[in-house]
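Student: Can we walk through this one together? I'd like to start with the helices and then move on.

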Amino acid sequence: MKFYGRKTELEKLNRFLARDNQLLTLIYGRRRVGKSELIKEVLRNTVLPSLYYECKQTTEMNNVESLANLISETYHFPQLAFRNIEELLDFLFANAKEQGLILVLDEYSYLRETVKGLDSIIQSLVDKYREASKLKLILCGSVVDTMKGLILKENPLYGRIDLTIDLKPMDYYDAALFYPNFSDDDKVRLYSVFGGIPYFNKLIDEKLSVRENIIELIASPGARLENEVSMYLKSEIAKINSANEVFETIAKGYHKYSDILSQSHVSSAPTMVDVLDKLIHMEIVVKQAPINDMQNKRKSSYHICDNLSHFYYKYIYCYNSQMNVMNPNVFYDRYIATDFETSYVPLVFETICQQYLIRQNKIGLLKEPFDLIGKYYYDDPQTKTNGEFDIVTKDSNGYIFYEAKFRTFPLTRETITSEIMQVEKTGFKCYKYGFISRSGFSTQPQEKEIFIDLAQIYQ
């Protein structure tokens with residue numbers, strides 16, 4: 001299958017691997033995010049010889065024998081035998097003195113579990129061969145906490161890692177490369193469900209509609225991705241019941257810590273903190289603070305940032321019993337269709353609009369680059385209420401307010417004027433007003449207005 005996206009990461013890896021010296025690279029990220037495919041794509045396009053080994057959850061000697069067999073097959077050596085992993089790695093470092101070699105240890109955490117002191121062993125070899133070897137060693141893994149620990153000061157590898165890549169899910173634009181023949185509207189809908197995980201997106205069938213893909217892949221008994229979310233949670237977190245409670249509560253629209261604690265059945269505040277911290281480390285929940293009061297913990301909120309998890313807990317987890325006894329089409333119409341179109345997708349569209357603005361900012365296409373983007377907290381002096389504006393940027397001139405509308409009809413002058421007046425009534429001072437519309441506009445922008453339509457977002 002064709003490789004999509006990851007342009008920045010590919011350029012960075014290719015640039016590093018082109019160097020004529022020893023290098024140690026660390027690549028980590030959540031399960032299914034595409035780490036292995038990224039590495040394989042780099043290996044397909046390099047002139048250097050390479051060894052790609054996926055570590056196994058077995059004994060040290062089983063891994064040693066498997067890797068030794070790979071070396072023999074790749075280089076047509078007679079059968080090699082090593083007493084331990086240190087001896088094998090020493091052999092590879094030594095044999096890369098004249099010609100460079102790329103060695104990939106994928107799922108490194110598995111090997112690390114079975115070989116006591118493996119980080120120290122690699123540190124010793126890196127130091128021993130720093131000036132003599134041209135080995136490019138890539139350590140890759142999905143257990144994020146373990147992999148992040150390799151760069152901490154107390155770890156033996158601290159200061160030895162030349163390149164670190166924390167591979168994140170793709171944004172809406174790169175995710176859409178997997179399904180280019182869908183309309184822009186449908187690209188938004190598909191991203192709302194399958195997010196930026198390459199593995200999920202490559203399962204989408206362009207011969208089917210959005211609805212049919214959703215039913216086929218997650219919203220029917222035995223669907224390919226029906227158990228994907230729960231399996232990922234069980235592999236990473238012990239308190240799975242508490243995690244389910246937290247997810248379901250956030251999916252219902254409760255985002256403040258106090259609300260999540262009171263509306264869920266999590267036993268205690270310490271348990272809640274522990275579960276939220278773990279979900280944040282797993283990069284499927286994000287903690288957000290308003291950009292105008294970032295240190296205020298009371299105003300922070302928690303959101304599910306993995307779209308498949310969000311969709312699963314909003315529509316599948318809570319109605320699983322019904323799904324198992326109903327026709328998939330009837331289930332979709334009764335429990336998903338209306339809310340999905342009127343509430344769920346418009347909410348994710350706001351995230352897409354933020355990602356669009358960040359893309360534009362990074363490539364220098366905004367007239368005034370912004371420093372911050374996020375929610376803006378306000379107190380309304382007239383109504384004595386408070387709230388948040390969902391998309392606000394801050395640059396050297398001040399704030400720009402953005403409103404995202406996923407509606408079937410164009411934004412009118414009346415609607416735009418009304419939105420601006422509502423913002424002004426809260427006392428929020430911004431120097432421009434941006435509007436992002438799925439269906440375009442029936443009017444032209446005035447002096448302090450920015451208009452963006454869906455076609456621009458996918459250009």
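**Helix contacts and a sheet**

Tutor: In helix 9, Y191, S192, V193 and F194 meet N307, L308 and F311 of helix 16. Contact means heavy atoms within 4.5 Å. Helices are DSSP runs of H or I with at least four residues, strands are runs of E with at least two, and both are numbered from the N terminus.

Student: What is the contact made of, by class?

Tutor: Five nonpolar, two polar and no charged residues. Ala, Val, Leu, Ile, Met, Phe, Trp, Tyr, Cys and Pro count as nonpolar, Asp, Glu, Lys and Arg as charged, and the others, Gly among them, as polar.

Student: At what angle do the axes of helix 9 and helix 16 cross?
Tutor: Roughly 80°, and the axes come within 5 Å. Axes are lines fitted to C-alpha atoms, for helices over the stretch in contact, with angles from 0 to 180 degrees between N-to-C directions. Helix 9 and helix 16 are therefore roughly perpendicular, a label for 65 to 115 degrees.

Student: What should I know about the model itself?
Tutor: It is predicted: local features need pLDDT of at least 70, side-chain atom pairs count only at pLDDT 80 or more, and totals for chains, interfaces and linings use all residues. Residues are numbered from 1 along each chain as its sequence is written, and side-chain values use heavy atoms, without hydrogens and water.

Student: New topic. In what order do the five strands of the open sheet run?
Tutor: 8-9-10-11-12, with mixed pairing. Two strands pair if DSSP finds at least two bridges between them. The edges are strand 8 and strand 12.

Student: How do strand 8 and strand 9 pair?
Tutor: Antiparallel, over nine bridges. L372 stands opposite K394 in strand 9.

Technical notes:
Angles under 35 degrees count as roughly parallel, over 145 as roughly antiparallel, 65 to 115 as roughly perpendicular and the rest as oblique.
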